[in-house]
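Visitor: Could you take me through this model, with the cut-offs spelled out as we go?

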Amino acid sequence: MTNTRRTEEEVQEFVASAELSANLQRVLVDLIELHLQGKQAHWNVVGTNFRDLHLQLDELVDLAREGSDVIAERMRSLWAVPDGRTDTVAATTTLPQFPAFEQSATEVVDLIATRTYAAVDTMRKVHDAVDAEDPSTADILHGLIDGLEKQAWLIKSENRKI
């Protein structure tokens, strides 16, 4: 049996490149914005099926909030610095602005589904570059994409006619 111990000089930590950091920052701001827009919708949805949609929006909000925390902490573990300040999020998110005031449940379904798919689109756009540098982080994106697409499907099904 050979000795597989490494010397201190052989042990190195993984540090995110500028590209990986930037890609994760893009994901982070979209998840933060999705969380905030989901709460805006949650507080201001009215009309038919209000209660079910109100509760369903909380599930989406929880997923987006928890996802943003996972991404930010992953960034820190790779020595990248996340920026979740409101001015940064507002200036760099890819999500469309959410309308003010009350919105009907039917409108909220379409508005939130669009924004959820926009956040997923960002993840899909950065995925291959993330995977090339750090497959472990790409696995985090896989879980977020799966969860958000499921939430979008559940919410969007509210307006589906057959």
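The conversation below goes from the whole chain to single residues.

Guide: This is a predicted model, in which local features need pLDDT of at least 70 and side-chain atom pairs count only at pLDDT 80 or more, while totals for chains, interfaces and linings use all residues. Residues are numbered from 1 along each chain as its sequence is written, and side-chain values use heavy atoms, with hydrogens and water left out.

Visitor: In what order do the elements of the protein run from the N terminus on?

Guide: Helices (H or I, at least four residues) and strands (E, at least two) are taken as DSSP runs and numbered from the N terminus. On that basis the protein has five helices and two strands. Read from the N terminus on, their order is α-β-α-α-β-α-α.

Visitor: Among contacts in the protein between residues at least 6 apart in sequence, what percentage joins residues at least 24 apart?

Guide: A contact here means heavy atoms within 4.5 Å. The C-alpha atoms fill a box of roughly 70 × 40 × 20 Å, taken along the principal axes. Of the contacts between residues at least 6 apart in sequence, the share that joins residues at least 24 apart is 81%.

Visitor: What percentage of the residues in the protein is buried?

Guide: Buried means under 20% relative accessible area, exposed means over 50%, and partly exposed lies in between, with a 1.4 Å probe and protein chains only. The chain has 162 residues, and the buried share of them is 42%.

Visitor: How far apart do the centres of the positive and negative side chains lie?

Guide: Lys and Arg count as positive and Asp and Glu as negative, whereas His and the chain ends are not counted. Each charge is placed at NZ of Lys, CZ of Arg, CG of Asp or CD of Glu. With 16 positive and 28 negative side chains, the centres of the two sets are separated by 4 Å.

Visitor: Which annotation covers residues 22-157?

Guide: The end C-alpha atoms of this span lie 34 Å apart, and the span is 80% helix and 3% strand. UniProt positions are given in the numbering used here with feature names shortened, and annotations may be inferred rather than shown by experiment. The UniProt record, an unreviewed entry, labels residues 22-157 as "domain: Ferritin/DPS".

Visitor: Is Gly67 buried or exposed, and which residues does it contact beyond its neighbours within four places in sequence?

Guide: Gly67 sits in helix 2 (residues 50-77), and because its relative accessibility is 2%, Gly67 counts as buried. Its C-alpha atom lies 8.8 Å from that of Ile140, a residue 73 places away along the chain. With neighbours within four places set aside, the contacts of Gly67 are Leu31 and Leu144.

Visitor: Which residues does Asn23 touch, not counting those up to four places away in sequence?

Guide: Asn23 belongs to helix 1 (residues 18-44). Its relative accessible area is 9%, so Asn23 is buried. Apart from residues up to four places away in sequence, Asn23 touches Val126, Ala129 and Val130.

Visitor: Which backbone oxygen does the side chain of Gln103 reach?

Guide: Gln103 lies in strand 2 (residues 103-104), and with a relative accessible area of 11% it is therefore buried. Beyond its neighbours within four places, Gln103 is in contact with Asn44, Val45, Val46, Phe98, Val108 and Leu111. At 3.1 Å, its side chain reaches the backbone oxygen of Ala100.

Visitor: What is the phi of Phe101, which is not a glycine?

Guide: Most residues other than glycine have a negative phi. Phe101 is found in the loop between helix 3 and strand 2, and its relative accessible area of 67% is why it counts as exposed. Its phi is positive, at about 75°.

Visitor: Which residue's side chain is joined to that of Arg85 by a polar contact?

Guide: A polar contact is a pair of N or O atoms within 3.5 Å; within protein, one must be able to donate a hydrogen and the other to accept it, and residues adjacent in sequence count only if both atoms are side-chain atoms. Arg85 is found in the loop between helix 2 and helix 3. At a distance of 2.8 Å, the side chain of Arg85 is joined by such a contact to that of Asp83.
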